[in-house]
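The sequence and structure come first, and the text follows.

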Amino acid sequence: MTSVITAEQLTMRFRGCDALRGVDFTIEPGSVFALLGENGAGKTTMIRIMTGFQKPTSGQCTVCGLDPTRHPLEVRRRVGYVSDSPALYDWMSVGEIGWFTASFFPKGFLEYYRESIRRYEIPEDRKIRHLSKGQRAKVALSLALAHDPELLILDEPTSGLDPMVRRDFLESMIDRAASGRTVFLSSHQISEVERVADTIAILHEGKLRIVAPLNELKQSMTELTVSLDDPLVAIPTIDTPAEVMCDELLGRQRRLVVRDFTPEMHTKLASATGVTGVSERPLSLEEIFIACTKGSLSRPASAPESADETPQETAMEAAS
Ligand SMILES: Nc1ncnc2c1ncn2[C@@H]1O[C@H](COP(=O)(O)OP(=O)(O)OP(=O)(O)O)[C@@H](O)[C@H]1O
């Protein structure tokens, strides 16, 4: 199967800022891939590289088998793209912009566009500059979808849409994926993403912390609460292949978010000196996102201030 998007060691360095730092991923056809990240994580930069608006500092990217740096127009013709603030010609009417854009695409574009606009109940003779934010978003989506692209790239697709339209729109993305087309979306709306995406990527300060199928990701993440008879006691190291995503000290409890925690590790931890109990619970996608980006699910007054300082180190220092 040919990947729809590949990114290999993508780096984007702006003056005084590394927006992307060695990003790697591949996306197969027929999926809804969601890129999550806080403000400034690098999501829009990633999308601008994929659509040929930005040349990366280093690394490789292909979209529908093409290098967007060398073939930006061909890539943009093949994909549907809606930015977080769609630039539409304000002086045109809703009908005119459809007619104008259709001239760049094969037959069938205008019929699809007009049908979509009718469904959204937007008058064709209304000027773009007189549309509400949500109506503009609907026009932009209708334009992006009208040539039935094999890949749809959406930056914050539902911002400005009302709840009913959001729901219908996102459900239509699942149908697109089921028919073999691919959707790449960047979003802050984690609960919405959780309903539609089959693969999740979490970007933090320009680095991909995680890329995994949603179900696998949720199954692989565990919150551990380790009860201690003395808060200064050191617990056994959690070794690879498990990965500690966050680690906090809350009074006599250590709370950790661990990826790929095994029953053997549970047994080892539970039998360690000073450990009086170990409990596990699954995490929601929102909690996984917070653990991966903040390194903490909460930050109580007793916990260390520095993100680099683990409770284990604090306990060791206090004991020495
Ligand atoms: N042209 C530019 N020149 C300098 N810095 C830039 C430029 N474009 C983006 N950046 C910086 O790169 C980082 C990533 O920005 P980007 O817009 O990709 O983030 P984002 O994840 O889309 O954020 P948001 O969710 O707020 O839209 C930010 O620190 C931003 O200030």
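By class, the shell around the ligand holds 4 nonpolar, 6 polar and 2 charged residues; here Ala, Val, Leu, Ile, Met, Phe, Trp, Tyr, Cys and Pro count as nonpolar, Asp, Glu, Lys and Arg as charged, and the others, Gly among them, as polar. The model is predicted: local features need pLDDT of at least 70 and side-chain atom pairs count only at pLDDT 80 or more, while totals for chains, interfaces and linings use all residues. Residues are numbered from 1 along each chain as its sequence is written.

**Ligand shell**

The residues around the ligand are F14, R15, C17, A19, G37, N39, G40, A41, G42, K43, T44 and T45 (a residue is near a molecule if its C-beta atom, placed from the backbone, lies within 6 Å of it). The largest share, 3 residues, comes from α1. Helices (H or I, at least four residues) and strands (E, at least two) are DSSP runs, numbered from the N terminus.

**Helix packing**

Two packed helices are described by the angle between their axes and the distance between the axes. Axes are lines fitted to C-alpha atoms, for helices over the stretch in contact, and angles run from 0 to 180 degrees between N-to-C directions.

| Helix pair | Angle | Axis distance |
|---|---|---|
| α3 (residues 94-102) and α4 (residues 109-119) | about 155° | 9 Å |
| α4 and α5 (residues 133-145) | about 150° | 9 Å |

With its angle of about 155°, α3 is roughly antiparallel to α4 (angles under 35 degrees count as roughly parallel, over 145 as roughly antiparallel, 65 to 115 as roughly perpendicular and the rest as oblique). The crossing of α3 and α4 is right-handed; a crossing is left-handed if the near helix is turned anticlockwise from the far one by less than a right angle, and right-handed if clockwise. On the α3 side the contact is made by V94, G98, W99 and A102, and on the α4 side by F109, L110, Y113, R114 and I117 (two residues are in contact if their C-beta atoms, placed from the backbone, lie within 7 Å). This contact has 7 nonpolar, 1 polar and 1 charged residues.

The angle of about 150° between α4 and α5 makes α4 roughly antiparallel to α5. α4 passes α5 in a right-handed crossing. Here Y113, S116 and I117 of α4 meet S142, L143 and L145 of α5, a contact with 4 nonpolar, 2 polar and no charged residues.

**Domains**

An automatic or database domain assignment divides the chain into domain 1 (5-89 + 147-205) and domain 2 (220-319). The contact takes 8 residues from domain 1 and 5 residues from domain 2. On the side of domain 1 that touches domain 2, α7 (190-196) and β8 (199-204) each supply at least two residues. The residues of that side divide into 4 nonpolar, 2 polar and 2 charged.

**Backbone features**

The peptide bond from T240 to P241 is cis, with omega near 10°. P241 lies in the loop between β10 (221-228) and β11 (243-250). C64 has a positive phi of about 50° although it is not a glycine, and C64 lies in the loop between β4 (58-63) and α2 (72-78).
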